[in-house]
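Subject: Structure for your files

Hello,

Here is the structure we talked about handing over. Notes on its cavities and on one strand follow below.

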Amino acid sequence: MTKDKLHWYMDAIFYEVHVRAYCDSNGDGKGDIPGLISKLDYIKELGVDCIWILPIYPSPLKDDGYDIADYYSVHPDYGTIDDFKNLILEAHKRGLKVIADLVLNHTSDQHPWFQKSRSDPNSKYRDYYVWSETDEKYENTRIIFLDTEVSNWTYDEVAGMYFWHRFYSTQPDLNYDNPEVVKEMMNVMDFWLDMGIDGFRADAVPYLIEREGTNCENLPETHEILKQFRKHLDEKYEDKILLAEANQWPVDVRPYFGEGDEFHMGFHFPVMPRIYMAMRKGDTSPIHWIMSQTPEIPENTQWCIFLRNHDELTLEMVTEEERQWMWSEYAPDPRMRLNLGIRRRLAPLLDNDQQKILLANALLYALPGAPIIYYGDEIGMGDNIWLFDRNGVRTPMQWNDSINAGFSKANPEDLYAPVIDSPEYTYKKVNVAVERQDPESLLNKMRHLVSVRKSHPIFAVGDFEFLAQDQTSFLAILRTLEEQNVICIHNLTGEEKSIELDLSNFSGRRLINLLEESEPDTITEKKQSYILKPHQFLWMRVTD
């Protein structure tokens, strides 16, 4: 990859925003689009490039908006279509791009398509969903929401048949064997793209097609459908992207990039739990292993990497033994566990230790891919494990120490969810206003880390090589792009440690610290020694 072939999404840092949780402009206790617009300057200051917003469509909100009742409108809690157009306009004015969730796999059972499908066997909408006389088809398919669902089939009294769903029983799956459904979703894409949105994070893409005798995931027919969406996008629009949410092994995600003709980006789910594993063990082996399992992807595509998001920290892509270990280490209270994962935010997972939080981000940024920051993690927000489902990591953004953390002027009892007020994570001390004023705050250190990462495209698209793999207390990485070289060293342990690196290839050249101002070091010895404090990291650029 050369810098002149760099597409915007390859070098982007994404910021994931739950509109309901971000800022309430009208005092009804729920965040909205005008509230988000009022905070765009803050997001710009953070140094990110693109905002990913969770679903804002009309919905009964049984699954926080992923159960869509109308693809062509905005939930009244969030505002109007005109508000959304204004969001795109104001974001673009600031050089920020915006992508939104496109939920392809399923709708709400309240969607008019499903209501017509269940009530009239002769309606064209009957074939918009997957119906069966029996609940015994596709029996090799796993149940994703193990904590709440006992089957992927639910009997509908009105239709007198069973409908198929991979998620909640209130979310019937669309039937992508029906070309009309494909056309319908292309129309949905056009509706939002014509407003100027910069692309979509496509939800749950491995499950579009069902076939007997398979696990109904990653099927060739699914990829054929997805390629149609990409072709449609490329023919009608420029510089727009599709990001695949496929919680699969890297080798199974690789086909979602096609030959550069399917998705522009794909989440790399399995690297995420292994960053936590490596940090808790003080052993880099889990990261070395998962990156060795990561195939090359087409030159015009990019991995999307993250530490946390709006869902549980998924442990689907680990062994049973690793899952039990992760639960015991990171979720000792059963309330912290959900499905095959952990419902906790970044700061509580890392003991509210600023250096550990920064190290985790540094590890993420030093690996290939485009990173995502989940709203609130940049200030070290806590969570509320007593809220239903994943809602404990979707609490109001903490702007200042005033009532409701500056999120809303509503009465506290009218908020969609309570603000975090536990002693360690109270909004009184964990908030944007306080941290903006403190040069040593997590927010300001995150802004600095983002700035360094953004100033060097080598982190996004450079080649990478692990150095000193026998010294497993350290993750040492050489990043290379054209004639540039950056060396990243991360001490994963809670102890001061030394590492020796063979840098003889760069003998006589100098190393400039990218993270803080210091005198350049000259590489004089075959072996260079470095002593790093607990959880310290060092990024250095090789120069003449």
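**Cavities and strand β7**

β7 (199-203) and β11 (313-314) each contribute at least two residues to the lining of the largest cavity. Strands here are DSSP runs of E with at least two residues, helices are runs of H or I with at least four residues, and both are numbered from the N terminus. This is a predicted model, in which local features need pLDDT of at least 70 and side-chain atom pairs count only at pLDDT 80 or more, while totals for chains, interfaces and linings use all residues. Residues are numbered from 1 along each chain as its sequence is written, and side-chain values use heavy atoms, with hydrogens and water left out.

The search of the whole structure gave three cavities of 30 Å³ or more. A cavity is a set of points, on a 1 Å grid over the protein atoms alone, where a 1.4 Å probe fits but cannot get out; lining residues have an atom within 4 Å of a point. Grid points are joined across faces, edges and corners, and a volume is the space filled by probe spheres set on the points.

The largest cavity has a volume of about 400 Å³. It is lined by 30 residues, of which F145, F167, E245, D311 and R390 are the closest to its centre. Sorted by class, that lining has twelve nonpolar, eight polar and ten charged residues. Nonpolar covers Ala, Val, Leu, Ile, Met, Phe, Trp, Tyr, Cys and Pro; charged covers Asp, Glu, Lys and Arg; the others, Gly among them, are polar.

The second largest cavity has a volume of about 60 Å³. Its lining has six nonpolar, one polar and three charged residues, and includes R308, N361 and M446. Strand β14 (residues 370-374) gives the most to this lining, with three residues.

β7 runs parallel to strand β3 (residues 97-103), with four bridges between them; two strands pair if DSSP finds at least two bridges. R201 in β7 stands opposite D101. Four bridges also join β7 to strand β8 (residues 241-244), again parallel, and there F200 has L242 as its bridge partner.

Regards

Technical notes:
On a 1 Å grid over the protein atoms alone, a cavity is a set of points where a 1.4 Å probe fits but cannot get out, and a pocket is an open set with protein on both sides within 12 Å along at least five of seven lines; lining residues have an atom within 4 Å of a point.
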